[in-house]
Amino acid sequence: MKISYNWLKQYINTEISADEAADKLTLLGLEVEEVEEIGSDFEGFVIGEVLDVRSHPNADKLVLCDVNTGDETLQIICGAKNVAAGQKVPVATVGSTLPAPMDDGSYLTIKKAKLRGEKSNGMICSEVELGLGDDHTGIMVMDSSLKPGMPLKEALNAEKDTVFEIGLTPNRPDAACHIGVARDLSSVVEESLKTPYKSVPEPKKSLDDEISISIIDSDKCHRYVGLIVDNVEVKESPEWLKQRLISIGLRPINNVVDVTNYVLHEIGQPLHAFDYELVGGKKIVVQSFDEDKKFTTLDSIERTVPAGSLFICDGNGPVAIAGVMGGENSEVTEKTTKILIESAWFEPSSIRKTSKSLALQTDSSYRFERGIDPTMQLKAAWRAAELIAELSGGTIFEGYVDEHPIKHEPQAVPLRVARVNHLLGTNLDEQRVVSILGKLEFEVESDSNGILQCTVPPFRPDITREVDLIEEVGRVFDYNNIPRPDTAPFITPDPLSDAEVFHERMRSLAKSLGYKEISTNSLLSKKEAGLLADEKLHVHTLNPVSQENTTLRTHLAGGFMKAVHYNLNRNATNLRFFEIGHVFRKSDDSTWIEGVQEHVCLMLGLCGSKKRTDWRGEAEPYTIFDLKSDLEAVLDDLGISDRITRETAGNHMLKYQLEGNEIATLRIAHEEWLKGFDLEQDAFVAEVDLTLLDKLGAEKRDITYQPVAKFPTFEFDAAFTVEQTVRTGDLTREIKHTAGEILKDVSVFDVYEGENLGKNKKSIAFRLTFLDSNKTLNIKDVEPVVQKVVQKLEKTFGAKLRS
Amino acid sequence: MIDKIEAIKQEIEQFNIDSEETLEEFRLRFLSRKGKIQAMFGMMGDVPNEQKAAVGKAMNEVKNLAQSTFDQAKEELASAQKKTFGALDDISLPVEPAYTGSFHPLTQALNQIKEIFLRLGFNIADGPELEDDFHNFTALNFPKDHPARDMQDTFFVRKSDDENTDDLVLRTHTSPVQIRLMKEQAPPVRSIMPGRVYRNEAVTAKSYFQFNQVEGLYVDEKVTLGELIETLVMFSKLMYGSDVKYRVRPSFFPFTEPSMEMDIWWENEKGGQWLEILGAGMVDPNVFEAVGIDPEKYTGYAFGMGVDRIAMLRYGIDDIRLLYDNDIRFLQQFES
């Protein structure tokens with residue numbers, strides 16, 4: 001919202017600079033986000049009369065002018081073709097600075113000069129040079145009645161102004177106008193507020209013959225005031241009014257519309273002016289309809305207004321969408337001679353609904369939906385009528401209609417001074433509190449219990465509770481002045497949550513495994529989400545920001561694949577990423593919200609080569625086993641490695657299960673993923689469900705020192721020939737199971753396939769490591785165990801011992 | 001005798017030591033107790049007295065020769081690797097730096113924030129990113145059909161006209177975690193709540209549809225606004241240096257009353273400007289009522305800040321999209 005400082009100063013007498021005022025407003029809670037200087041004082045610019053124009057002896061395109069600037073006659077060289085004797089022109093005298101910047105952004109200061117041997121003592125200016133317009137074809141020629149020597153500022157009625165862009169918070173409808181802002185400022189500059197809004201005299205006549213006004217939906221319209229101004233000449237507004245509106249970014253239209261806008265920005269009461277002759281049946285009905293209505297607003301756009309929206313209607317139907325915008329059918333034009341001024345109070349949420357559904361926010365709707373002063377309607381209409389009468393030569397009908405079915409009841413809110421100090425940490429006395437509230441126009445009375453009964457001014461609908469009053473006291477006192485304790489007490493902290501400790505431990509582990517953390521979008525496209533999981537699991541947003549981001553991720557793998565795609569396109573070769581984030585799946589196993597499982601997962605992903613081709617040798621592409629080894633390290637770190645079951649699911653995936661729960665997956669990106677995410681390289685991705693692990697208590701590993709083995713291990717190598725279809729993981733599991741406690745470790749040191757083994761056969765060579773904590777093992781101890789294993793593998797998998 | 005000595009000398013000179021084995025052979029043959037040198041000195045008795053001086057000198061020379069030959073050969077063998085110095089042994093050959101793990105700048109900024117608040121006695125809490133209307137709005141004193149809801153463009157996951165079915169939204173702030181925490185735990189409560197939040201905003205250099213916040217909450221019997229400001233000042237000093245210039249100013253949030261924002265002075269080429277770094281306030285009594293805490297007995301403060309913004313400020317990142325592009329050339333700059 002724009003506020004002109006010159007305009008503001010109409011209501012408050014203050015000498016402080018615009019910058020100081022901006023700071024004060026900001027510290028009052030009306031944050032000035034931008035301060036812009038506009039216009040110019042035209043210091044050193046005067047009206048000159050061109051007395052004589054002669055050709056320049058040494059230049060064809062220049063002329064010498066004698067210009068009377070009141071006290072003296074100056075020779076000024078001019079290059080404009082339109083200069084002529086007898087003209088009144090704007091003259092920049094020596095020492096003045098042009099208000100408009102030159103092409104390079106700097107500002108030209110006029111000096112005495114000599115051009116091709118002739119003196120020039122000033123400059124005759126064009127509109128462009130004065131920053132007044134776009135016309136650069138020649139010098140600006142002014143009204144011939146102007147006196148030479150008159151300051152240009154006066155002739156143009158120009159002034160320098162400062163405009164504040166205020167980021168208005170939704171709780172401050174009162175400050176959505178100049179008087180409202182001035183009121184806040186007055187509370188800290190010790191100056192009283194002057195307003196032109198006064199009580200309106202009782203109507204002398206009835207308006208019944210002119211207009212009838214009725215409110216059908218009184219819950220949506222508490223008050224409707226109508227005033228009529230006749231004999232209006234609709235024309236351009238005077239300079240002062242246009243300037244005010246232009247300064248806050250409004251386009252002047254005509255004197256009637258401009259006055260309604262002026263009053264809106266002065267006191268915050270939206271007004272509407274109808275062409276009286278276009279109001280059918282001499283009547284206004286405020287009502288809503290049960291069905292959608294098509295209606296053309298005065299911006300010539302036909303809109304479908306939803307059922308339930310409030311309309312202003314005449315005898316024929318809607319003439320305005322209440323509180324939002326008037327209709328084209330009753331718009332004030334140059335032909336208008338008699339106007340009806342509407343000044344109403346509409347219910348905020350009704351206006352808000354209409355405005356939202358039309359996606360149409362206007363200066364009016366903005367104010368209505370926040371809540372305007374319910375006592376201002378008649379005063380504001382009267383102020384507008386007076387101004388219109390003054391500017392258009394019109395006459396105000398000596399009467400008005402004030403339909404007022406629901407009247408505003410002033411509210412008194414109790415305030416305890418002790419509570420003020422309790423909440424703010426201040427030590428304010430009653431007098432100070434009363435004084436602050438008084439400046440904000442609260443009427444404060446101390447009741448018999450010492451409680452302050454504060455009557456809320458009608459323009460502050462936001463204030464309904466004691467705490468709201470405390471805020472008022474605090475902000476005027478200035479939060480920066482609130483004494484701060486030397487120490488801030490705090491309570492005995494609880495230990496950090498298991499989840500927090502766990503997640504951070506995993507983050508550090510992933511980093512120490514050499515992974516770079518990424519942060520990917522939680523929202524994927526439907527297609528991407530479809531690659532990751534069945535659509536039945538998807539959670540969608542109803543109003544996506546784009547089709548690229550519609551669906552919550554069910555896995556972190558998608559984000560990884562996208563990050564890989566992005567980086568491969570930029571010639572990256574070694575991608576080793578991790579992410580910890582939330583994933584979302586429709587599920588009966590709800591986490592927080594009914595029907596949705598929201599878990600935190602850890603993703604580890606690899607793509608490309610761990611080493612580029614260099615003098616040491618060829619590039620070494622990542623394999624799934626690089627990732628597997630890191631994933632195993634994670635499980636090992638958790639101390640659950642031995643309790644995990646590893647199940648293959650097809651050729652691309654290994655599932656890790658703990659007590660029947662899938663706590664991790666290891667995947668090779670299959671063809672469909674590579675195609676879907678547009679990758680031409682292998683990618684590998686593992687995901688660990690941290691929430692599930694946390695739930696299973698898997699991460700709570702109390703570390704207690706275990707003595708290291710005193711006796712050496714005994715290693716035994718055994719190679720088995722099996723069918724190609726037999727999984728090494730299954731063999732390993734069986735070996736462990738069969739051998740029992742004495743077997744500490746099983747590793748595979750060779751995998752071989754070849755003709756000599758027979759068709760579809762392979763050989764897996766295991767190294768079995770045995771350990772007994774009580775003695776040194778020898779072959780005699782181990783042999784029976786190995787025998788058992790060999791028999792079991794043969795029986796279960798048809799495995800033949802090779803060596 | 002001299003001939004014998006000369007013969008040993010020649011034998012030493014001709015002995016080829018080219019390995020550990022031959023070195024040992026040399027030692028055994030000449031230098032050991034049963035070796036030729038020792039035997040040679042044993043023959044001294046046979047030498048006539050008048051020749052003893054000359055023979056002794058010659059014998060010593062041979063002994064020294066044997067010892068020095070042995071020492072030299074031993075050293076040469078030890079440094080045999082130096083001898084095979086080849087093209088690939090050039091230590092100046094370049095290599096790629098090892099690939100190291102790193103934290104995302106958002107994590108790094110968050111860690112710093114967490115560390116400060118842990119020092120100030122806050123715990124850490126979390127909650128879901130998919131929230132219901134009650135936790136995200138209603139309990140936080142956002143009335144339905146109130147312009148305050150416009151402050152946050154919301155992604156809806158479920159919208160319902162049925163009053164018994166709550167709308168579902170992607171949380172627009174981490175404040176719903178406050179509600180969950182206060183419902184779960186009786187005061188005192190002192191916690192921060194970091195997490196990802198969502199706003200339905202177009203992706204530009206300045207805005208993104210997801211970002212990260214840290215919210216803080218302290219509820220106890222005598223918490224004041226002065227204490228809140230003091231806590232925020234402590235945070236700013238720890239985060240931005242003890243000479244940080246700051247101010248607080250009134251603002252509006254539905255869930256706090258009074259509400260404020262804190263700015264810090266940020267130097268730049270043009271001199272400097274106030275930059276908003278966080279919003280805060282005293283917990284609104286309506287919020288306490290929504291979670292069943294007596295607002296007469298307890299007061300509390302809450303604050304919230306954007307981690308993305310803090311990270312951008314800290315690292316001079318001028319485009320928020322960089323945080324979510326995951327360009328490795330970007331991520332590499334935050335190794336620490």
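Which residues point one way from E6(A), and which the other way? Keep that in mind; the tour reaches this strand below.

**Before you click**

This is a predicted model, in which local features need pLDDT of at least 70, side-chain atom pairs count only at pLDDT 80 or more, and totals for chains, interfaces and linings use all residues. Residues are numbered from 1 along each chain as its sequence is written, while chains are lettered from A and ligands numbered from 1 in the order in which they are written.

**Stop 1: select chain A**

Color it by secondary structure. Chain A holds 21 helices and 39 strands. Helices (H or I, at least four residues) and strands (E, at least two) are DSSP runs, numbered from the N terminus. The C-alpha trace spans about 125 × 85 × 65 Å along its principal axes.

Now color by domain. Chain A has domain 1 (2-39 + 161-165 + 173-189), domain 2 (45-156), domain 3 (212-403), domain 4 (412-477), domain 5 (498-695) and domain 6 (714-801). Domain bounds come from an automatic or database domain assignment. From domain 1 of chain A to domain 6 of chain A, the C-alpha centres are 85 Å apart.

**Stop 2: select A 88-92**

This is strand E6 of chain A, and 5 of its 5 residues are buried. A residue is buried if 20 or more other C-beta atoms, placed from the backbone, lie within 10 Å of its own. Show the side chains. A:Lys88, A:Pro90 and A:Ala92 point one way, and A:Val89 and A:Val91 the other. In a regular strand the side chains alternate between the two faces of the sheet.

Two strands pair if DSSP finds at least two bridges between them. Look for A:Gly48 opposite A:Val89.

Strand E9 of chain A is antiparallel to E6(A) and joined to it by 2 bridges. Here A:Met123 is the bridge partner of A:Ala92.

**Stop 3: select A 466-477**

Helix H13 of chain A has 12 residues and reaches 17 Å from its first C-alpha to its last, close to the 16 Å expected at 1.5 Å a residue. The expected span is 1.5 Å times one less than the number of residues. Is H13(A) mostly covered or mostly uncovered? It is mostly covered, with 11 of its 12 residues buried. Among them are the charged residues A:Glu466, A:Asp468 and A:Arg475. Step on to A:Asp478, which follows H13(A) and has a positive phi, near 85°.

**Stop 4: select chain B**

Chain B has 13 helices and 10 strands. It is divided into domain 1 (2-78) and domain 2 (105-127 + 187-334). Their centres, taken over C-alpha atoms, are separated by 86 Å. The C-alpha trace of chain B spans about 125 × 50 × 40 Å along its principal axes. Of the 336 residues of chain B, 40% count as buried.

**Stop 5: show both chains**

Here 68 residues of chain B are in contact with 77 residues of chain A; contact means C-beta atoms, placed from the backbone, within 7 Å.

Definitions and conventions
Contact = placed C-beta atoms within 7 Å.
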